[in-house]
Amino acid sequence: MARIATRAQQLKKAFQSERQHFHRRIKQRHRPIQHDATRTALILYGSETGNAQDIAEEVARTTERLRFNTTVLDLDSVSLRDLVKPTLVILVVSTTGQGEFPQNARLFWRRLLSGALKAGVTLRKVRFASFGLGDSGYAQFNVAHRMLHSRMVQLGAKVVCERGEGNEQHSEGHSAGFRAWVVALRERLLEVFPLDDGVLPIAEDAFLEPKWKLNVVRERQGEGEADDGACLNGAVNLPPSIPHEATNGTTFPAQIVRMEDAPSTDLIPVKGAYTATLLSNKRVTAPDHFQDVRLLDLRIDEAYEYYPGAVAVLYPKNFPQDVQAFIDLMAWQDIADEPLTLTPTTSSQASNAPPSPSPLRHLDLSHTPLTLRYLLTNVIDIMSIPRRSFFANLLHFANSHHPDALYQKARLLELANPDLIDELWDYTTRPKRTILEALQDFTTLRIPYQYALTTLPLIKGRQFSIASGGALKHPSQGHGQTKLELLVAIANPPSPIIKYRPRHGVCTRYIASLQPNQLLTIGLQPGYLDVSPAELAAPVLMIGPGTGVAPMRAMIYQRLAWAAETGCRPVGNRLEGDLLVFGCRSSTADYYFEDEWRDLGEGEGLEVLTAFSREAGREKMYVQDVLRRAGERVFELVVKREGRVYVCGSSGAMPKGVREALLDVLVECGEGMGREGAEGYVEGMERGGRWKQETW
């Protein structure tokens with residue numbers, strides 16, 4: 001009891017101290033933050049899944065606090081002339097596929113490789129830094145970033161900070177490398193670009209006004225006028241009818257409108273995307289199997305040519321009950337369905353800084369009413385696991401009006417502290433706690449709706465390898481249509497900590513709810529396997545455990561179609577010499593496309609080897625074990641016949657295990673090759689494009 005009383009007294013004193021300084025700090029934070037118009041930073045990113053974009057935006061917060069007028073854009077959005085205009089350029093790029101650039105950086109890279117550019121001259125006025133994101137499970141680890149950095153230097157750009165790199169294989173992911181690099185970057189920027197005398201960096205607890213802000217358009221106001229009621233530290237100017245009361249996060253007000261469980265079927269107007277019709281959403285695992293895996297059959301009403309390795313991008317939606325829960329939690333009930341406008345917060349930009357793009361630039365909203373409910377359903381990711389930067393942003397809206405608020409603010413400081421990464425891990429990643437659930441723990445905090453798009457992360461499209469190829473791309477009925485099939489594992493991992501609510505993957509939960517004949521928005525991308533009919537001259541070794549068999553299936557049917565078109569292989573033997581190694585738990589639970597493999601083996605000579613890790617009455621087998629057991633067959637295909645190897649599936653242990661197994665086969669079956677020779681042979685395959693890997 002004495003300890004509790006002492007702690008209560010400490011909290012009381014801290015609360016009183018915080019109240020004494022509260023109004024002074026609020027006045028300081030509301031003063032306009034001045035930037036030198038000539039001190040500009042251009043942050044450019046190349047991102048496939050959104051990680052590099054997230055890093056770029058975090059870098060931008062650092063440069064903003066160093067009083068750089070900062071703009072964040074994808075690499076393909078700028079020309080080379082744009083690089084010489086700002087004071088500073090920072091590049092953030094991920095490496096994808098076989099050491100390739102992301103889709104939104106390829107055009108920029110081609111421009112940078114132009115033979116018309118002069119070494120040491122073209123970019124001599126540019127001062128830059130760079131950070132790369134990669135996965136050491138790939139042989140071409142961070143190679144896109146290294147090539148970009150080297151080419152910039154070759155063209156005369158000056159490096160202001162040593163390049164940094166993140167590794168997805170690290171226990172903390174790429175965040176570990178980024179934390180160390182961004183500290184070094186800040187120190188170097190203050191050395192190279194010192195602030196004027198008497199000018200200090202913007203304090204970490206000072207609020208940075210975002211480039212864009214939402215406002216409610218009220219009918220009672222004049223045309224074009226918006227309601228701007230945002231305040232900091234949780235003091236949101238809410239209409240009188242909106243209660244500003246705390247909730248414990250487990251029960252919500254009884255007046256919630258009852259809605260259908262599934263998200264709306266309205267299409268998301270993504271620019272450059274396609275409208276697909278879902279013909280079927282079939283479960284392909286046994287009913288009593290713990291894993292729900294779906295085979296989606298989609299049609300688009302136009303001809304689209306794609307090849308093995310191509311991906312479909314699906315854009316998920318949040319479920320109505322989660323959206324309403326978030327609205328109630330933030331006390332947005334009376335404004336959730338009001339029309340909104342999105343406007344820039346600055347009237348002009350410095351002449352040498354590109355304009356900051358709208359956070360909704362990827363959507364065509366010309367015929368879509370914009371509301372908070374619409375954004376929470378289709379745009380804002382309230383069901384993802386929050387990052388450290390999210391809690392750092394929340395601090396600006398935390399208040400200190402009473403002890404509960406003070407305690408919750410202290411907790412936010414812990415979660416936002418980069419030195420307490422284990423604390424963040426235990427609170428978010430380990431239990432798979434979502435943003436919605438996290439905010440239910442901070443009952444005194446309200447995010448002003450005006451800053452919803454800049455405080456909360458946006459939903460990103462999810463990529464899925466297309467499982468169809470060859471004749472499967474063309475439906476038997478519907479001339480001019482294109483068929484797509486996707487093999488998707490529904491993610492519903494258990495949480496050892498949060499047991500009262502099931503865990504779901506944001507996108508796969510949405511996929512599981514889709515009904516036949518439903519329309520949905522999809523993107524299509526070529527992928528990175530880069531196969532061609534010329535490859536028919538050599539056999540292929542395809543290794544695809546689990547849903548990694550999807551691009552392998554596309555490969556098999558595409559090679560079958562090419563063999564028929566070119567006539568280079570006789571009927572009945574069009575797949576002879578090709579070898580598929582497939583792994584799953586058991587022959588009765590999740591042996592995908594079993595009937596197809598049998599028919600292709602009997603009819604066209606395809607050889608299939610299986611690895612069952614949980615087959616009753618048999619020892620555990622994984623794909624790397626099968627490769628070792630079939631060593632002579634593998635050696636003949638890979639070395640004697642100079643075949644190609646494709647590895648697809650889950651990242652982590654599997655790709656490394658497959659590579660080690662192949663090295664063992666080469667050492668055992670290759671007379672006098674030895675370990676060093678085997679390493680050199682595989683590296684040569686990788687350089688020559690005979691070894692390709694696509695993992696996720």
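This is a predicted model: local features need pLDDT of at least 70, side-chain atom pairs count only at pLDDT 80 or more; totals for chains, interfaces and linings use all residues.
Local features need pLDDT of at least 70 and side-chain atom pairs count only at pLDDT 80 or more, with residues numbered from 1 along each chain.

**View 1. Helix α10 packs against helix α11.**
Helix α10 spans residues 403-416 and helix α11 residues 421-429. Helices are DSSP runs (H or I, at least four residues). The axes, fitted to C-alpha atoms over the stretch in contact, lie 7 Å apart at about 105°. That makes α10 roughly perpendicular to α11 (65 to 115 degrees). Arg411, Glu414 and Leu415 in α10 meet Glu423, Leu424 and Tyr427 in α11 (heavy atoms within 4.5 Å).

**View 2. Arg388 and Glu58 form a salt bridge.**
The N to O distance is 2.4 Å; the rule asks for a side-chain nitrogen of Lys or Arg within 4 Å of a carboxyl oxygen of Asp or Glu. Arg388 lies in α9 and Glu58 in α2, so the pair ties together parts 330 residues apart in sequence. Arg388 is partly exposed at 21% relative accessible area (partly exposed: between buried, under 20%, and exposed, over 50%; 1.4 Å probe, protein chains only). Glu58 is buried at 16%.

**View 3. Asp578 pairs with Arg559 in a salt bridge.**
The closest N and O atoms are 3.0 Å apart. Asp578 sits in the loop between α15 and β16, Arg559 in helix α15. Both are buried: Asp578 at 1%, Arg559 at 2%.

**View 4. Arg628 and Asp664 belong to a salt-bridge network.**
Their closest N and O atoms are 2.9 Å apart. The network also includes Arg659, Glu660, Arg675, Glu679 and Glu686.

Terms used: Side-chain values use heavy atoms; hydrogens and water are left out. Axes are lines fitted to C-alpha atoms, for helices over the stretch in contact, and angles run from 0 to 180 degrees between N-to-C directions. Helices (H or I, at least four residues) and strands (E, at least two) are DSSP runs, numbered from the N terminus. Angles under 35 degrees count as roughly parallel, over 145 as roughly antiparallel, 65 to 115 as roughly perpendicular and the rest as oblique.
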